[in-house]
Amino acid sequence: MITTTGLTKVYESRGRQVTALDGVDLHVREGEVFGVIGQSGAGKSSLIRCVNLLERPTSGTVTVDGVDLTALAGRGRRAGKDLRRARSSIGMVFQHFNLLSSRTVEDNIELPLEILGVSGAERSRRALELLDLVGLADKAKAYPGQLSGGQKQRVGIARALAGNPKVLLSDEATSALDPETTRSILQLLRDLNRQLGLTVLLITHEMDVVKTICDSAALMRKGRIVESGTVSELLATPGSELAAELFPVTGDATGPDRTVVDVTFHGEAATQPVISQLSRTYNVDISILGAAMDTVGGRQIGRMRIELPGRYEENVVPVGFLREQGLQVEIVEADATVPAQAAQSPVLAKEGAK
Ligand SMILES: Nc1ncnc2c1ncn2[C@@H]1O[C@H](COP(=O)(O)OP(=O)(O)OP(=O)(O)O)[C@@H](O)[C@H]1O
Ligand SMILES: [Mg+2]
């Protein structure tokens with residue numbers, strides 16, 4: 001639904017060049033919620049602004065719903081109109097809502113329809129329908145100043161949907177909201193994704209957002225995508241930073257001569273009682289040192305750090321048993337077990353001052 005190839009953006013400011021995007025190949029499938037995560041300055045906003053051509057890419061292509069937007073933007077005087085039409089199939093939600101304070105909620109939602117030349121009666125019908133969809137049917141005549149942050153963002157989402165887009169782009173839509181309101185807005189985005197078959201590309205620096213609603217995720221660093229895939233694919237990738245952040249497990253061996261193993265559950269294996277089978281089959285006492293389990297897309301998924309008595313050499317067979325059950329198993333070296341309080345997020349760790 002959204003594809004970028006070799007997307008590059010170099011800003012020129014005061015004679016200096018800043019490479020915000022450095023050859024980004026992104027592929028977002030139709031109907032999925034795709035999260036892009038990364039630390040401040042990684043290029044996330046530049047990416048989303050290039051996807052709807054608010055920002056002109058320096059090189060590379062952007063295709064949305066089969067239309068090459070970069071080609072439209074480059075076609076001289078008529079480009080404006082074609083690009084505007086193509087853009088109407090892309091909705092955009094902003095961190096600070098960007099509502100016009102002098103207009104009522106209804107009039108804010110009608111704004112993009114006015115620009116598209118939709119008649120007054122039809123605009124009003126559509127606006128009320130959208131307000132109902134986002135749960136604000138009673139706020140049509142209110143002004144933005146009379147709404148809470150969460151309600152403002154609902155208006156922002158309704159406005160983004162006015163042109164019946166197939167794609168919704170969201171840049172930190174929840175980072176100005178408190179945790180509870182964040183949950184309700186994420187739930188709304190998830191519902192819209194399901195009900196309308198809307199493809200959602202969202203930018204965030206919060207791992208919880210990815211965990212709550214994303215089918216797929218990508219990690220950006222210094223203008224590049226360094227990891228990407230569905231949550232299951234990421235979990236199945238040994239050493240994946242995103243997987244480790246999504247399902248962090250910590251815990252130290254309780255003594256010498258112990259084997260510490262990280263087990264990743266996804267797909268079929270997640271529903272089998274493998275740990276108790278292991279314990280019974282080999283008559284070993286298993287300690288659970290840490291676990292992070294969750295339901296993603298209706299399936300149980302997660303990681304567990306377990307400890308078996310004895311050195312690894314003595315546990316080759318039980319570890320082999322786990323692998324045979326379709327689980328991903330990584331042996332944790334003794335000095336790699338980090339106490340929880342010392343563990344630091346490698347994904348979002350700041351590499352320097354902002
Ligand atoms: N209009 C601009 N002119 C010059 N440099 C810019 C411009 N916009 C962004 N940059 C630079 O491009 C880089 C990427 O910025 P971008 O806003 O895309 O990061 P981000 O990942 O969205 O960060 P944040 O999480 O803080 O929003 C940064 O180094 C930034 O300073
Ligand atoms: Mg940003």
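Student: How do the residues of the shell around ligand 1 divide into nonpolar, polar and charged?
Tutor: Ala, Val, Leu, Ile, Met, Phe, Trp, Tyr, Cys and Pro count as nonpolar, Asp, Glu, Lys and Arg as charged, and the others, Gly among them, as polar. On that basis the shell around ligand 1 holds four nonpolar, eight polar and one charged.

Tutor: Please note that this is a predicted model, in which local features need pLDDT of at least 70, side-chain atom pairs count only at pLDDT 80 or more, and totals for chains, interfaces and linings use all residues. Residues are numbered from 1 along each chain as its sequence is written, while chains are lettered from A and ligands numbered from 1 in the order in which they are written.

Student: Which residues are the closest to ligand 1?
Tutor: A residue is near a molecule if its C-beta atom, placed from the backbone, lies within 6 Å of it. In total, 13 residues surround ligand 1. The closest are Y11, A20, S40, S45 and S46.

Student: Which element supplies the largest share of the shell around ligand 1?
Tutor: Helices (H or I, at least four residues) and strands (E, at least two) are DSSP runs, numbered from the N terminus. At least two residues of the shell come from each of β1 (2–13), β2 (16–28) and α1 (44–51). The largest share, three residues, is that of α1.

Student: How many of the eight residues of α1 are buried?
Tutor: A residue is buried if 20 or more other C-beta atoms lie within 10 Å of its own, exposed if 12 or fewer, and partly exposed in between, with C-beta atoms placed from the backbone. The buried residues of α1 are K44, S46, L47, I48, R49, C50 and V51. The helix α1 is thus mostly covered, and the number buried is seven.

Student: Which residue in β10 stands opposite A217?
Tutor: Strand β9 (residues 216–221) runs antiparallel to β10, and six bridges join the two. Opposite A217 stands G229.

Student: How far apart do the C-alpha centres of domain 1 and domain 2 lie?
Tutor: The chain is divided into domain 1 (2–235) and domain 2 (247–337), with bounds from an automatic or database domain assignment. Their C-alpha centres are separated by 39 Å.

Definitions and conventions
Pairing = 2+ DSSP bridges.
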